[in-house]
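Please open the model in a viewer and keep the sequence panel at hand.

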Amino acid sequence: MSNASSIGTFSNVAGGQSLRGQLEGKTVVIVGGTSGIGLAAATQAKAADAHVIVVGRNAASTEEVATKHGFDGWRAADVTDGVALEAALSDIARVDHLVLLAGTFVAGKVREAEVDYLRRAFDERMWSAVHAVRAVGDRLSQDGSITLISGALADRPNANGTAVLAAASAAMEAFARGLALELAPVRVNTLSPGPIDTPIFSKALGANRDAVVESMRNSLPLKRLGTADEAGASVLFLMTNGWMNGATLNVDGGSRLV
């Protein structure tokens, strides 16, 4: 799916306004915007004439991505470091849409893995979101939005060492619902992606990636993985549809049904 086709996918149901009209001149900050779904959302927002600022962990690679795609700014911070994350966001004058997509695939069985490692699932998601929201403060537009990320594990945990990650994913959805009330009229939603073909997905599968993907394709309703562009377009939908609030958007090709 190209950026252009993604931009044309959604319109404002109430007013028929295009994504370009809705995002033109808006400041979109995407934490985790240097690869995968975050990068796809960033490039699509930029194509819709938004001012896009991406936040990544490594300064050199984040700057490289921002320069390559013509983004309006970049910041570097480890999202598990609340002080660093707050500092990275502190000088942005206004934020219209805050998108928080950072997080690695934390997998380890509860009785075997180091607790500090398992804790990262919450540090990278829940607590980084808390720090980011606090850092932006009242510089977040009242008619703006926050988009969080959970994942299919919130609905369908498995026995492969993902219990804590599933719990963190489910927590993000509950957090979004509470935050939507606490920050009203700012809208807060959660994107819940299923199997999306991204670098983090491939890294999680390791050397067995091809065999696992082939098996998944055979079992998935649509017989394929999702693309980063498809998930990125869903992020833009949550940013621009003014009636989406406190919701979880499943973009999983129906994988949670099988």
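**Helix pairs**

Begin with H6 and H7, whose crossing is right-handed (a crossing is right-handed if the near helix is turned clockwise from the far one by less than a right angle, and left-handed if anticlockwise). The model is a predicted one, in which local features need pLDDT of at least 70 and side-chain atom pairs count only at pLDDT 80 or more, while totals for chains, interfaces and linings use all residues. Residues are numbered from 1 along each chain as its sequence is written, and side-chain values use heavy atoms, with hydrogens and water left out.

Helices (H or I, at least four residues) and strands (E, at least two) are DSSP runs, numbered from the N terminus. The axes of H6 and helix H7 (residues 163-182) come within 8 Å and cross at roughly 20°. That angle makes H6 roughly parallel to H7 (angles under 35 degrees count as roughly parallel, over 145 as roughly antiparallel, 65 to 115 as roughly perpendicular and the rest as oblique). Axes are lines fitted to C-alpha atoms, for helices over the stretch in contact, and angles run from 0 to 180 degrees between N-to-C directions.

Now display the side chains between these two helices. On the H6 side, select Leu118, Ala121, Phe122, Arg125, Met126, Ala129, Val130 and Val133; they meet Val164, Leu165, Ala167, Ala168, Ala171, Met172, Phe175 and Leu179 in H7 (contact means heavy atoms within 4.5 Å). The residues of this contact of H6 with H7 divide into 15 nonpolar, no polar and one charged. In this classification Ala, Val, Leu, Ile, Met, Phe, Trp, Tyr, Cys and Pro count as nonpolar, Asp, Glu, Lys and Arg as charged, and the others, Gly among them, as polar.

H5 passes H6 in a right-handed crossing. Gly82, Leu85, Glu86 and Leu89 in H5 meet Ser128, His131, Ala132, Arg134, Ala135 and Val136 in H6. By class, the contact of H5 with H6 has five nonpolar, three polar and two charged residues.

**The sheet**

Switch to the strands. Seven of them form an open sheet with parallel pairing, in the order E3-E2-E1-E4-E5-E6-E9 (two strands pair if DSSP finds at least two bridges between them). At the edges are strand E3 (73-76) and strand E9 (248-251), each of which pairs on one side only. From one strand to the next, the twist averages 20°. Helix H10 (residues 228-240) packs on this sheet, touching E1, E4, E5, E6 and E9, and its direction makes about 165° with that of E6.

Select Val29 to see two neighbouring pairings. In E2, its bridge partner is Ile53; in E4, Val29 stands opposite Leu98. Strand E1 (residues 27-31) and E2 pair in the parallel sense over five bridges, whereas four bridges join E1 to E4, which also run parallel.

Which of these strands' residues are buried (under 20% relative accessible area; exposed is over 50%, and partly exposed lies in between, with a 1.4 Å probe and protein chains only)? In strand E2 (residues 51-56), five of the six residues are buried, so E2 is largely enclosed by the rest of the structure. Strand E4 (residues 95-100) is mostly covered, with six of its six residues buried.

Move on to Val95, whose bridge partner in E5 is Leu140. E4 and strand E5 (residues 140-149) pair in the parallel sense over four bridges. Then select Ser192, which stands opposite Asn250 in E9; four bridges join E6 to E9, which run parallel.

Most residues other than glycine have a negative phi, and most peptide bonds are trans. The peptide bond from Ala184 to Pro185 is cis, with omega near 15°, and Pro185 lies in the loop between H7 and strand E6 (187-193). Lys223 has a positive phi of about 60° and lies in the loop between helix H9 (209-219) and strand E8 (226-227). Asp49, with a positive phi near 70°, is found in the loop between helix H3 (36-47) and E2.

Asp49 is partly exposed, with a relative accessible area of 36%. Finish at Arg20, in helix H2 (residues 19-23), which touches Ala47, Ala48 and Asp49, not counting residues up to four places away in sequence. Arg20 is partly exposed, with a relative accessible area of 37%.
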